[in-house]
There are 2 protein chains.
Amino acid sequence: MRNFNLDKYLADGKTAYGKRSDIEALADKLTQRGFKNIVIIGIGGTWAEWSPVVHVMRHYTDVPIYLENAAELCIKNDKRFLTKDSLVITASASGDTKEILEATMMCKQMGIEVAGFSKDTETLLAKELDYLIANPCGDCEDSYLMFFLLGLRLLYNRGEFPDYVKFADQMANLHTNLVRIREEFEPRAAEIAKNYAKEPYSIFVGSGTLWGETYLFSMCILEEMQWVRTKSVTSAEFFHGTLELVEKDVPVFLFKGEDEYRVLDERVERFCKTITDKLTVIDTKEYKLDGIDDDFRIICSPMILTAIVTERLAAHYELTTGHSLKFRRYYRQFDY
Amino acid sequence: MRNFNLDKYLADGKTAYGKRSDIEALADKLTQRGFKNIVIIGIGGTWAEWSPVVHVMRHYTDVPIYLENAAELCIKNDKRFLTKDSLVITASASGDTKEILEATMMCKQMGIEVAGFSKDTETLLAKELDYLIANPCGDCEDSYLMFFLLGLRLLYNRGEFPDYVKFADQMANLHTNLVRIREEFEPRAAEIAKNYAKEPYSIFVGSGTLWGETYLFSMCILEEMQWVRTKSVTSAEFFHGTLELVEKDVPVFLFKGEDEYRVLDERVERFCKTITDKLTVIDTKEYKLDGIDDDFRIICSPMILTAIVTERLAAHYELTTGHSLKFRRYYRQFDY
């Protein structure tokens, strides 16, 4: 696979999975400390990565979970849910995401402890956190893996996700699956990029557990890293405006999931099939997960999607457009 | 003003405001019945119209409020918050919005009462509702007015919005203000439409109390009724992807609000000013509200925005593009 370092990928995956015992120890310590609600703070890509984790957790738990945008949390008046009894969790790999840092500092000033993920112990964020999971990996599936391990271990400790140990054991098989799935998807990635990477505008539709990744790929990858104009919309909302934009030659990407929202995705698929010749359906269900129970497929679905789309499809967009995924003209280039 | 029937507008406004006593009686009855949480069901435009109402209510109340997408509510597994102790509220002017009807029917099957707004007593929705406010008006500000009257009366009854009577009294002055504000905005509406109605793509940014209307105008008006490609994004999230799309000749619309999120809008304004020549800032603060206390300006801000943008600016887009706001090629034209 082009621009894919297999050895590094597997080594990074091993390191991320190797954080399991640290994460479990942290979850157990936080459980012992106690909490009345969980407040998760993200922004942009991190907000989107936490989205399916929160989505799945809400499926199992009675504890109120708030998924907050860091910049909004800092200024909004109605944050009575944020107290010393909250379990606050955040993440910034670089550790210098301005809004995440500010939100963390705000919590600390309120006397509220913050747990979080950052690449090492030396980042600005790491130094502010009360509880740190340090991991240098940058692959989105590693973020998902670590976030799910923490979130589901917390629920396991509450008796709400009894299958945690089986789940965590089977996650040892995640990365080899995601390599094979990448390889299976590779010819499609090349084909899709060839057909659509130079399109001036694309619509992205997804729902439920895959909504975060749908939003992330269209905004954080295509808009930010490829300067491609996109519209992302949920499968339910698609029918209340965006559908009128679909024409024979308008590209629509549907990311079809495996949770109960799938019926909403199928409705979008049926409609779009009759209108556009440029419909791309990416269905995580088509990809086998060896050594991982079907019960955990929904949890793994955003990991599959990020591997094949946010990583592989993006790589092929870059190869097709020649526009480097690393180049930014504004983002983090100067103060704003 | 072109395509604006002043007499009808004022008469419709009077009718909507005339529902005040019915709405208050309903709120009082629902208060007496009791509820542990409030579940509001919308989709597309109605979801967006409820968004600022919920936003403002959350500012004042301790009662948990859930703003749910009707289609998602019907199929999602994690709806333990929806019980017989919930106060469920919905709205569909036409009364035949498929997803709203299905969600209402689902609640009824669960033995849960539903209160709602519909144009008259004969719509499909009206016949399903346990409590109905019947009002034929179609102006978005009338929806906002009725929704706020209901929501804030409920809080008043809980001792959480003591200024309710003053607020409701002053809403008698709303429509004359919104006529004058329309007239003040009219030359700008013509100018903006002349400059941007034929642009192939526009970015819309807003936040907080104005986010719903930002989302609504870009999706339900421009996408659905003008077939204009748009991206709507919150002021906080703008900086995590979409900013890279801004260029000298890319139109950006910033809807600047009056709540505490304004600092996030100002950041977008400062950034965009340095990049694009096509920045349009619409600031509700520039429009006076005679006979309405400053304390209620945040509540009125989406009403101002809908009057000048969703109604007047849309009318001028239509005059400029020649594309009728009434024409749909797919939406509600056939089964999908």
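R20(A), E24(A), D28(A), R153(A) and D169(A) are linked in a network of salt bridges. A salt bridge here is a side-chain nitrogen of Lys or Arg within 4 Å of a carboxyl oxygen of Asp or Glu. Over all chains, the count comes to 63 salt bridges.

This is a predicted model, in which local features need pLDDT of at least 70 and side-chain atom pairs count only at pLDDT 80 or more, while totals for chains, interfaces and linings use all residues. Residues are numbered from 1 along each chain as its sequence is written, chains are lettered from A and ligands numbered from 1 in the order in which they are written, and side-chain values use heavy atoms, with hydrogens and water left out.

R33(A) and E113(A) meet through their side chains, 2.8 Å from N to O. This pair links distant parts of the chain, 80 residues apart. R33(A) lies in helix 2 (residues 20-33), and E113(A) lies in the loop between helix 5 (98-109) and strand 4 (114-118). Helices (H or I, at least four residues) and strands (E, at least two) are DSSP runs, numbered from the N terminus. How exposed is R33(A)? It is partly exposed, with a relative accessible area of 31%. E113(A) is partly exposed too, at 30%. The scale is simple: buried means under 20% relative accessible area, exposed over 50%, and partly exposed in between (1.4 Å probe, protein chains only).

Now look at K108(A) and D130(A). Their side chains form a salt bridge of 3.2 Å, N to O. Again the pair links distant parts of the chain, here 22 residues apart. K108(A) is in helix 5, while D130(A) is in the loop between helix 6 (124-128) and strand 5 (131-134). K108(A) is partly exposed at 32% relative accessibility, and D130(A) is partly exposed at 34%. Another bridge joins K288(A) and D290(A), at 3.4 Å from N to O. K288(A) is exposed, with a relative accessible area of 55%. D290(A) is partly exposed, at 37%.

Next come the rings. A pair of aromatic rings is described by the distance of the centres and the angle of the planes. Rings of Phe, Tyr and Trp (its six-membered ring) pair if their centres lie within 6.5 Å; planes under 30 degrees apart count as stacked, over 60 as edge-to-face and the rest as tilted. By this rule there are 56 aromatic pairs over all chains. One of them is Y164(A) with F167(A), a tilted pair with 6.4 Å between the centres and 55° between the planes. Why are these two about one helical turn apart? They are three residues apart in helix 8 (residues 164-170) of chain A. Both Y164(A) and F167(A) are buried.

In chain B, F204(B) and F253(B) are stacked, 4.6 Å centre to centre with 15° between the planes. F204(B) lies in strand 6 (residues 201-206) and F253(B) in strand 8 (residues 252-256), so the pair ties together parts that are 49 residues apart in sequence. Both F204(B) and F253(B) are buried. Back in chain A, ring pairs link Y60(A), Y156(A), F161(A), Y164(A), F167(A) and F296(A) into a cluster.

Chain A also divides into domains. Its domain assignment gives domain 1 (6-162) and domain 2 (173-321); such bounds come from an automatic or database domain assignment. The two domain centres, taken over C-alpha atoms, are 26 Å apart. The contact (heavy atoms within 4.5 Å) takes 21 residues from domain 1 and 23 residues from domain 2. Between them the domains bury about 1,800 Å², 75% of it on carbon and sulfur atoms. Buried area is the accessible area (1.4 Å probe) that two parts lose on being put together, summed over both.

Last, the two chains meet. The contact takes 58 residues from chain B and 59 residues from chain A. The area buried between them is about 5,500 Å², with 53% from carbon and sulfur atoms. H240(B), E244(B) and Y336(B) supply 15% of the area that chain B buries against chain A, more than any other three residues. Ten salt bridges cross this interface. K231(B) forms a salt bridge with E223(A), with the closest N and O atoms 3.2 Å apart.
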